[in-house]
Amino acid sequence: MTFVVPIGPQHPALKEPEYFRFEVKGEEIVDFDVRLGYVHRGIERALQERSYLHNIYLSERICGICNVAHTTAYCQTIEQLAGIEVPDRARFIRTILCELERIHSHMLWAGIAAHEIGFDTLFMLFWRDRELVLDLKEMISGNRQTSASNTLGGVRRDVKPEYVPKILRTLEKLEKATEQYINICTSDRTILARCAGIGVLPKDDAKKLCAVGPTTRASGVDIDIRRDDPYDAYGQISFDVITEPDGDVLAKVIVRLREILESIHITRQAVKALPKGPLRAKITPKIEPNEAIGRVEAPRGELLYYAISNGTDKPERVRVRTPTYANIPSFKPMFVGGTVAEIPIVLASIDPCFACTDRVALVDSHTGKTRVLSFKELRRWKG
Amino acid sequence: MMEVVNFILGSLVFPGLLFASLIGLLYIGIDRKVTAHMQHRIGPPIWQEFLDVGKLLSKEDITPAAAQSPVFTAAPLVALGAVVTVMLLLPINSAQPALTLVADLIVIIYLLNIPAICMMLGGYSSGSPFGAAGAGRYVVQLFSYEFIFILAIIAAVVRVGSLGLPTIVGYQAQQGWLVLDWRLLPAVIAALIAAQGKLLRVPFDIPEAHTEIVAGPLTEYSGPRLAIWRLAYDVETIVVAGFLAALFFGGPTAYLIGNIQIPGVVDFLIKTLAIVLLTTTLRNIMARLRIDQALKFFWTYVALLAIISLVLVLVVP
């Protein structure tokens, strides 16, 4: 006999409302289903209503945590639409900001993961060290979180030469701290007991279900937009793509922590190789009819923007595919066969960001039924 | 007449409800402050627990229709009553407790289980899946730690040869603390770990793991009833600490420093605080286990410690 354990829309393990339905036999999970759409905000429609310049700030608000990734992807796409080149210095500054954001995002995630397994001390320590990155972000962009530093054709604020020593000093501190955290996470008995061997996403499933980002890299799939489709300054910087073969929660922890080290490495190179030159290229407010795709490796995985212009100063259509959305199907192999106690940490293990995910939800207000749009219908709606 | 007045004073003021509540709330406040410092936070003031319980007492009581039953209401009160009764049986100011019984250890073991049983009843009667899940986990956890707790106590009982707590305290006053006896050391460690499970502290806060099952059995409790639960938990903490202090750490001893007589209650407070702080440290350096892992851990390593101790006490003269 099975019974249903509902997780969400309101649940302390979820920071955002989303509904997960677990069919449970005793403590074992036998089936999993998900219903998204609780935080649908109509952002894609709103993007059509505003000018290209306004949209930067709107796209920044799709996700609070990976806001730099969103504006970078948006600006990239629009720059492709308009056919303009971003100056070198701006590309490097974007890279620095993207990597700082990755560090802070991974630290934030690691803290939450520690909290999910009841290790609140580690949670607080992760967040203490995350403050170091936020200070750097504030120094460079003027804001701790929502940086608002990317703009069409470049960046708004410069990394001044006097910032460089402070950046390098802080990165050194962070590197030491991260190494210690990796050490803790691979040796602490209670962490291993809760993370090793659970929520396993096999390599085949990761490929089949098109998982992205650290989730798929922890299953041994070697993909990273930064290397495979270099944008900004990533083509001129050497770095490794971190993968782990196991696919369990522990592998996801280790991948993210090692990515922090790699991000520190990238930021160092970018800061040292910062070329001279202007910060932004000129862009005309109106863009000729065209279409473009921009891809960015956000902290959670591949972030995709697709835009169509129609000759006015507003886009005809902007479509956003966030990494969490791509990772939702991979929940099923992670959960089925596991136990109820694993739900929070496995849910957290893909680093879900639901507000970014929810953009299309069709609910019939009379019957309350949800409807799935066919590909044809979507195509028709495009125009 | 005098006896009745004494009993009422004993159960309501010292060492009963009032004293136990004040110390319990204060100790949990200290526990929260120390936790905060360990986690690199500033933390609440140490009287925060008083404010929290006071606030809860003044709040509206919202009980879902499915939970409205006498069991749901009685559970926190019975739990509080049980732990306050243990307070009367503990040696607090001297070896002699407020209430003397013949075999008080057995009564204490029973009474210390009542909060756990009440919590299960409260959880099952709350009509919430989280309450039921928490209660189910609590049953498993109870069967994990309780046997070990009792084994550790039996080791001490065999060593002293008495089922009376006053006798054990008296024995320690002459022969030295039981914790210093190498044969009993494994039992002390096992009892401390079992106490961690009894007090639902990390890594054994499984029945109320709040990221997994909201608040477990306490999910549907609110307002005054939740305040009574908090109070019961806080008093339980000091009672368990006081019990271990009396059993293994010499109990309350009066000292003479210079010409000033330090009453035994000061010693009691210091020892219980030390034990509470030990559990605080443990709960801050670990992650929560899964219920099956906790069960396995208790029945292998911890049970082994307790059994070794019992065998040593029985075999080595």
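Visitor: Is the crossing of α6(B) and α8(B) left-handed or right-handed?
Guide: Keep in mind that we're looking at a predicted model here. In this model, the crossing of α6(B) and α8(B) is left-handed.

Visitor: And how are α6(B) and α8(B) oriented to each other, roughly parallel or roughly antiparallel?
Guide: Start with the geometry: α6 (residues 129-160) and α8 (residues 185-198) of chain B have axes 8 Å apart, and they pack at an angle of about 150 degrees. Angles over 145 degrees count as roughly antiparallel. The two helices α6(B) and α8(B) are therefore roughly antiparallel.

Visitor: Which residues of α8(B) make that contact?
Guide: On the α6(B) side, look for B:Y138, B:Q141, B:Y145, B:E146, B:I148, B:F149, B:A152 and B:A155. By class, the contact of α6(B) with α8(B) has eleven nonpolar, two polar and two charged residues. On the α8(B) side, you'll find B:A187, B:A190, B:A191, B:A194, B:A195, B:G197 and B:K198.

Visitor: What about α6(B) and α12(B), are they roughly parallel or roughly antiparallel?
Guide: Helix α12 of chain B covers residues 291-315, and its axis comes within 9 Å of the axis of α6(B). The two axes cross at roughly 10 degrees, and angles under 35 degrees count as roughly parallel. So α6(B) and α12(B) are roughly parallel.

Visitor: How many nonpolar residues are in the contact of α6(B) with α12(B)?
Guide: Let's go through the classes, beginning with the charged residues. There are two charged residues in the contact of α6(B) with α12(B), and three polar ones. The nonpolar count for this contact is 21.

Visitor: How many residues in the lining of the largest cavity are nonpolar?
Guide: No polar and no charged residues turn up in that lining. The nonpolar count in the lining of the largest cavity is 13.

Visitor: Which element gives the most to the lining of the second largest cavity?
Guide: About 70 Å³ of space lies in this cavity, and its lining includes B:P115, B:Y138, B:K198 and B:W229. The elements that give two or more residues to this lining are α5 (104-125) and α10 of chain B. The lining has nine nonpolar, no polar and two charged residues. The element that gives the most, with four residues, is α10(B).

Visitor: Where does the largest share of the lining of the second largest pocket come from?
Guide: This pocket holds about 1100 Å³ of space, and of its 32 lining residues B:R32, B:D205, B:E208, B:Y233 and B:R283 are the closest to its centre. Two or more residues come from each of α5 (120-141) of chain A and α2 (17-38), α10 (223-248) and α11 (264-284) of chain B. The lining divides into 13 nonpolar, seven polar and twelve charged residues. Its largest share, five residues, comes from α10(B).

Note on methods:
Residues numbered from 1 in each chain as written. Chains lettered and ligands numbered in written order. Predicted model: local features only at pLDDT ≥ 70, side-chain atom pairs only at ≥ 80, totals over all residues. Heavy atoms only, no water. 1 Å grid on protein atoms, 1.4 Å probe; cavity = no way out; pocket = protein on both sides within 12 Å on 5 of 7 lines; lining within 4 Å. Points joined across faces, edges and corners; volume = space filled by probe spheres on them. Nonpolar A, V, L, I, M, F, W, Y, C, P; charged D, E, K, R; others polar. Axes fitted to C-alpha atoms, helices over the stretch in contact; angles between N-to-C directions. Parallel < 35°, antiparallel > 145°, perpendicular 65-115°, else oblique. Left-handed = near helix turned anticlockwise from the far one by under 90°. Contact = heavy atoms within 4.5 Å.
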